Amino acid sequence: MTHTSMSPACDCHIHVFDRDREYTKATYQPPRKDIGHFMEEAAVSDIRRAVLIQASIDGTDNHYLLETLRQARLPTSPLELRGVVMIDEHTSGLEAMREAGVRGIRIQDRTRLGQHDLARLPELAARAAALDWHVELNTEPERYDVLAALLPTLPEGQTIVLDHFGHVTPGHSDELTRLCRLLDTGRVWIKLAPTRVSQHPGRYDDLIELTRHLAERYRECCLWGSDWPHVMTPSPIPGSLDMIEFLERALSSPQRQACLRDNPERLYRF
């Protein structure tokens, strides 16, 4: 198959960083790469759409993400972009963010990052729901039970998207069972973003069984994201084309179409 058969394919998880900003107190030093660098990567993989995800080190300062979204609305841009921001209980200007192309908020709940903000989910989700936004959650299996208890308190019909395969361990049946309980609610989607969970970067063969299982049971709730430009990632740096080829090996054509085109179009309203 050719990659264009899924066009316009969408990368649902990339980050952009301001090359002029000093990250002196950040937990990591990001690659100084902007949307122009990503366009080079996207051209190789025939990616026509992408979702900018606010990085943890930028916190609720979304100005660079919003600036990038607005610049991409020019008729000459080869990419359609949408955005997912980080907000707090007092963030203003949400309507302007929606006009710029924001479609959701992100909440961090990861031990690795030293952030456990799941308790703030109900209040922040309510703010997001007022703009018809979903919530993207960077959490881990140890927190699934907490999330499950919170789901009934969230606005009706609001979608929760788990980043990075929900950080399950390949081959860990108990973690997969608990992940599936969340997906069975119909409220939770999953990003098949392999780079942070696979032990076989480049081929991702240890994720084939997991990916097939999720796509077979939850085809309408699967997305793909590359996690470009791969912060805190050792060399060799992953390539988007390798991930697309992994999805070709793991998924049927209808499953890939749902993951790469149809589901992103529906969730992010391209």
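Reader: Where should I start? How many residues of β1 are buried?

Author: Six of the six residues of β1 are buried, so this strand is largely enclosed by the rest of the structure. Keep in mind that this is a predicted model.

Reader: How do I read the word "buried" for a single residue?

Author: Look at the relative accessible area; buried means under 20%. Take D34, which sits in the loop between β1 (9-14) and α1 (35-45). D34 counts as buried because its relative accessibility is 13%.

Reader: What does the side chain of D34 contact?

Author: The side chains of D34 and H37 are joined by a polar contact of 3.0 Å. A polar atom of the D34 side chain also lies 3.1 Å from the backbone nitrogen of G36.

Reader: Back to β1. In which sense do β1 and β2 pair, parallel or antiparallel?

Author: For a strand pair, check the sense and count the bridges. β1 and β2 pair in the parallel sense, with four bridges.

Reader: What do β1, α1 and β2 make together?

Author: They make a β-α-β unit, and this unit is right-handed. To check the hand, point the strands away from you: a right-handed path from strand over helix to strand runs clockwise.

Reader: How many bridges does β2 have with β3?

Author: β2 (residues 47-53) pairs with β3 over five bridges, in the parallel sense. I53 stands opposite V84 in β3. Follow the chain from β2 and you pass through helix α2 (residues 63-71) to reach β3; this β-α-β crossover is right-handed.

Reader: How many residues of β3 are buried?

Author: Five of the six residues in β3 (residues 80-85) are buried, so the strand is mostly covered.

Reader: Which strand do three bridges join to β3?

Author: That is β4 (residues 102-110), and β3 and β4 run parallel. G83 stands opposite V102 in β4.

Reader: What volume does the largest pocket have?

Author: The volume of the largest pocket is about 280 Å³. The lining of the largest pocket divides into six nonpolar, six polar and three charged residues.

Reader: How much space lies in the second largest pocket?

Author: About 180 Å³ lies in the second largest pocket. Its lining includes V168, P170, H172, D206 and H213. Helices α6 (173-184) and α7 (208-217) each supply at least two of the lining residues. The classes in the second largest pocket are four nonpolar, five polar and three charged.

Reader: Where is S252 found?

Author: S252 lies in the loop between α8 (240-250) and α9 (253-268). S252 counts as partly exposed because its relative accessible area is 32%.

Reader: How far apart in space are S252 and E216?

Author: Compare two separations, one along the chain and one through space. S252 and E216 are 36 residues apart in sequence, and their C-alpha atoms are 9.3 Å apart in space.

Reader: What separates the C-alpha atoms of D262 and M232?

Author: These two residues are 30 residues apart along the chain, and their C-alpha atoms are separated by 30 Å. D262 lies in helix α9. D262 is partly exposed, with a relative accessible area of 30%.

Definitions and conventions: Residues are numbered from 1 along each chain as its sequence is written. This is a predicted model: local features need pLDDT of at least 70, side-chain atom pairs count only at pLDDT 80 or more; totals for chains, interfaces and linings use all residues. Side-chain values use heavy atoms; hydrogens and water are left out. Buried means under 20% relative accessible area, exposed over 50%, partly exposed in between (1.4 Å probe, protein chains only). Two strands pair if DSSP finds at least two bridges between them. On a 1 Å grid over the protein atoms alone, a cavity is a set of points where a 1.4 Å probe fits but cannot get out, and a pocket is an open set with protein on both sides within 12 Å along at least five of seven lines; lining residues have an atom within 4 Å of a point. Grid points are joined across faces, edges and corners, and a volume is the space filled by probe spheres set on the points. Ala, Val, Leu, Ile, Met, Phe, Trp, Tyr, Cys and Pro count as nonpolar, Asp, Glu, Lys and Arg as charged, and the others, Gly among them, as polar. A polar contact is a pair of N or O atoms within 3.5 Å; within protein, one must be able to donate a hydrogen and the other to accept it, and residues adjacent in sequence count only if both atoms are side-chain atoms.
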